[in-house]
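I opened the model to look up its aromatic rings. My notes follow.

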Amino acid sequence: MTHTKPQQWLQVVGHAGNFHVGEFGRLLKRFCLREQQCYQRLMDDCLRPFVPTYYGVVQRDQLDYNMMDNLLTFFNSPSIMDCKMGSRTYLEEELQTAQERPQPRRDMFQKMVAVDPAAPTEQEREQQAVLKTRYMQWRESLSSTTTLGFRVEGFRKSSGECHTNFKKTRSREQVMAALEAFVDSSSSLVQGYLKRLEHLRQALEESRFFRTHEVVGSSLLFVHDWTGRTGVWMIDFGKTVPLPPPGTLDHRTPWVQGNHEDGYLWGLDNLIDLLTDMLQLKTSKT
């Protein structure tokens, strides 16, 4: 997590070192070909207002970076939250590769037993290793990814208070409590986020890009500050892949291997419903 002036970038989750703050309100993210291709297509899509503006590839210290808008530029001491969208966080091609060429991972085993020592099977305990997709499916079963189609990855408040321990935040009530903590129980912030999410949902339902891509591992970035300004943007497209023509997705149909559905809109529907319920509960108390 870094805080650089006059430009700033706050990283709550993800791999450290992937980002650099650029000049003129720009952000540099370690180059990913898939992400580059997605941003290039999104610049000509109705989703453009809901993603960082993309400016191409630049080099720094002999490494390539995708350059895009720094979404925090116009916020004063922002609070930020990352919500991972969809009912799964692995691509179908990753699952197929793991099935065809299984490669048990010791690091994934250690992560699993750190959360739940009883989680590995007898065979996994003997190997002291688990497959990546097995770990990811197990990880998702603990969280609201499987119950609501999204999960809170982490948030950081303007005060510097940071929360990333949401691995077992699974129920609707638990997720609502996390969101309440992020907005400090502010009705106006919830209203601001709801309006933006409803506009996003409409754009997603009209978007050709969204209709023709499997969107996996992508997040919504929530930002607000003390002025009451709010913003939500789609970020992280490293696992977003185009479907073979003429395939399309509705992003709400339950996933079964082979249909490529990702549950993104199902998750967004649930997120909007949850925030709506939060607002109604606040109204009923006043």
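Predicted model: local features only at pLDDT ≥ 70, side-chain atom pairs only at ≥ 80, totals over all residues.

Residues are numbered from 1 along each chain as its sequence is written, and side-chain values use heavy atoms, with hydrogens and water left out.

I then looked up ring pairs (Phe, Tyr and the six-membered ring of Trp, centres within 6.5 Å; planes under 30 degrees apart are stacked, over 60 edge-to-face, the rest tilted). The structure holds ten aromatic pairs. Phe 75 and Trp 233 form an edge-to-face pair, because their planes stand at 90°, with the centres 6.3 Å apart. This pair links distant parts of the chain, 158 residues apart. I found Phe 75 buried at 4% relative accessibility and Trp 233 buried at 12%. Tyr 135 and Trp 138 make a tilted pair, 5.7 Å centre to centre with 45° between the planes. I also noted a cluster linked by ring pairs: Phe 155, Phe 166, Phe 182, Tyr 193 and Phe 222.

Last, I looked for charges over rings (NZ of Lys or CZ of Arg within 6 Å of the ring centre and within 35 degrees of the ring normal). Arg 229 lies over the face of Phe 75, 4.6 Å from the ring centre. Arg 26 lies over Tyr 55, at 3.6 Å.

How values were computed:
Helix = DSSP H or I, 4+ residues; strand = E, 2+ residues; numbered from the N terminus. Buried < 20%, exposed > 50% of the residue type's maximum accessible area, 1.4 Å probe, protein only.
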